[in-house]
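Please read this briefing alongside the sequence and the coordinates.

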Amino acid sequence: MKSHAQVVVIGGGVTGCSVLYHLAKMGWTDIVLIERKELTSGSSWHAAGGLFALTSPSNVAALQKYTIELYPEIEKESGQSVGFHLTGGFHLARTPEQVTALKLACSRGRRNGIDAEFISLDEARRRSPILNTDQLEAVLWEPLKGYVDPASATNAFAIAARKMGATVYRHTPVVETNQTADGDWEVVTTEGTIRTPVVVNAAGLWAREVAALAGAKLPLMPVEHHYLVTENVPEIESFDGEIPTMTDSESGWYMRQESQGILLGAYENTCYHWAEEGTPADFGHELLPDDLSRMEDNFARAVETIPCLETAGIKRVINGPMIFSPDLSPLLGPYPGLKNYFCACGVMTGFNQGGGVGRVLAEWIVDGEPSLDIFGWDVSRFGAWAGTRYTRERTRYFYEHRTARIYPYQEFPAGRPVATSPVYETLVREGAVFGSNFGLEYPLWFARDGAEPRDEYGYGRGNWFNTVGEECRAVRDGVGLFEVSTFAKYEVTGEGASAWLDRIMANRMPRDIGKAVLTPMLSPNGRLIGDFTVTKLAEGRYWILGSGTVQRYHMRWFEQNLPPEGVHVENRTAQYSGLQIAGPNARALLERVVGGDVGGNALPFLTGREMEVGRASGTVVVRVSYTGELGYELYCPAGYQRGLFELLREEGRDLGLRLAGSRAMMSLRLEKSFPGWGLELGPDYTPYEAGLGRFVKLGKGDFIGHAAAERRAGEGPKERIGTFVVEADGADAFGGEAVYRNGDLAGYITSGGFGHCVGESLAMGYVKPEFFEPDGAYQIDILGERRPAVLASAARVDADGNRMRS
């Protein structure tokens, strides 16, 4: 056994073998894969191997498309057949609502060149003579659907990697992973020890156990999954060709041809977890006892559409375990707090995503960052709050609803609440409907006048529409009170704090105490990885505000770039609760509770200071506004929040104060064309594309991403951000919709909604430069209908920003 390697990959399923292949492809060939038994042991060997590209979000679709298109190349490079069948396939719709869902999926797919189309029921029966269309409303054809042979595909990745110089050790269990004083890792196996700078946990069913060897904990839970394979079917035997794959999302089943029979899989109505406390060490190429009664309902629905199933004999039944994260998406990337310990775990559809997973993880290791924004797969999206019970309840819900429609703005109550703010019970009594952000509950909107506080979802405007409009107008006309504890809060201290912040942020840091700046944070490649408000509270002390969803992601970056001494960064999000007041009467309200002047030069726009607000001493007050109105954000030690909340309500009664939720805030920010993190802002964009170029100070000296930003500034943007005014018809854009200009695909929408104070349907998105024309006419594909739109030349409310600076 080798004693040293550049990278050690633990786990020989399709994910681990793909990581190995992509590292070798990028030129790192002194690499090793260690497998405890045989390649594919665990989940890979018994997978159905289905392929499809049409999904969301966009980058997941792009990586699934990449995976599918990679298989012919892997066959050539390895000399190993992967059993690749690009049959094309059907997405079936039984109801008009599902037709709408498929129309939305089609529109989103166009950004990545995924050309799905509706075909007639007659044409569907011609392509698949086993199909009964009596219960169907429509059939969507996706050319990229198909399947591969799991064992062959896994081995092909390994063979191709070995041909480039990689090494694979089978029957070599890992028993320890120990980090040395210099940051390297010692991977101890039954056959010897390998020292390496980088470890990749791609251990599949054993990812939890392998993580524990390094002192890490992963929110993963194995689940049982059934599919069956029939004997030969006469209709297939007599068909000249191969039957397209089929998916019936409303019935929870999928199928493909297997030899001259049918492989039928189901996401059963009841989820059964397996090995909750730990995967048995001796488990390998085994299956679990089958129980076809679990998929009885799915099978009955499938027979309606594929009648030949009723008389087909069953050749074999597969019940095998798969391991999932709480949202069923992979856990990828550097594990926070462990240097060069990478995760490639919880990959639910390994053969559909494995190529893409291997690619982005190899990029992360070799280049320092993936080429696409994959935060939805980043291991840092979960924190310690995602414990065993939460993971169990979420995996159960999402498995049982694996193929269910997901509506715009939909929230999922399973496993919640986990964490709540001090005013949570008060908000409940006030009719709050909640969402969850990094485990913390926050108000979306407030039901009033006896209405039931719950969301009712659909593709049109939700039951909250009118109430959110009232909240928006209350902010514009009086003052709104928002609970914003989910905003991330960091405190940076030390004699080197100013210099360090200047190095990791793209804007100049405030030199004067009390000043605040808005600043992007860039990756070495000049991509947008953060968007912050930084306030200087004292010499050597800074208060940083950012998106709560990515707080662990940002802490990982901060810690990776900290100097050995002189700077201390602390995530204060859990210790400090947040409230925001916004509106023309916000200053009068704040002056009542602080007992002094906060106008004019006392607390102008983009300033902040620590003060006593009511009885809440040590409150950090920052004068910024995401609503576009005069506003203040108040961050107090959590124990003070309840008292401060009640005091603000009491003092604001005659000022028109009203509680408002995040949906009102998002509507108000659309009217101001303010971008949102994870929507318009993220690593897919440069600050120049996202409209943040004015906050990048190339002349201030060197900072992370400086050279790349300078180059990108000279190159010009590949796409440009804009706000559209849409002639909607009862349904607003939400995100992902295609944008057209004179019939040509010109861009895509990143977020949308209704601007209640301007009475307009609004959407933000990106347009290719050659199609970008302020006040120009466009069309946005909303639920399958191209709606007229105009690219606004300025924000729809207070374009000069006088209100928020007043």
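Buried here means under 20% relative accessible area, exposed means over 50%, and partly exposed is what falls in between, with a 1.4 Å probe and protein chains only. The structure is a predicted model, in which local features need pLDDT of at least 70 and side-chain atom pairs count only at pLDDT 80 or more, while totals for chains, interfaces and linings use all residues. Residues are numbered from 1 along each chain as its sequence is written, and side-chain values use heavy atoms, with hydrogens and water left out. Helices (H or I, at least four residues) and strands (E, at least two) are DSSP runs numbered from the N terminus.

**Positive phi**
- L783, although not a glycine, has a positive phi of about 55°; this residue sits in the loop between β37 and β38 (785–791) and, because its relative accessible area is 23%, is partly exposed.
- D775 is another residue other than glycine with a positive phi, near 70°; D775 is found in the loop between β36 (760–767) and β37 (777–782), and its 52% relative accessibility is why it counts as exposed.

**Cis peptide bonds**
- S56 and P57 are joined by a cis peptide bond with omega of about 5°, and P57 belongs to the loop between β3 (50–51) and α2 (58–78).
- The peptide bond from R416 to P417 is cis as well, with omega near -5°, and P417 lies in the loop between α10 and α11 (424–429).

**Helix α10**
- The 13 residues of α10 (residues 388–400) should span 18 Å at 1.5 Å a residue, and the end C-alpha atoms are 18 Å apart, which agrees; the expected span is 1.5 Å times one less than the number of residues.
- The buried residues of α10 are Y390, T391, R394, T395, Y397, F398 and Y399, and they pack against β13 (221–230), β16 (261–266) and β17 (314–324), where contact means heavy atoms within 4.5 Å.

**Second largest pocket**
- A pocket is an open set of points on a 1 Å grid over the protein atoms alone, where a 1.4 Å probe fits, with protein on both sides within 12 Å along at least five of seven lines; lining residues have an atom within 4 Å of a point.
- The second largest pocket holds about 680 Å³ of space, and of the 29 residues that line it, the closest to its centre are P334, W364, G368, W557 and Q560.
- Helices α9 (350–367) and α14 (551–560) each supply at least two lining residues, with α14 giving the largest share, five residues.

Key. Points joined across faces, edges and corners; volume = space filled by probe spheres on them.
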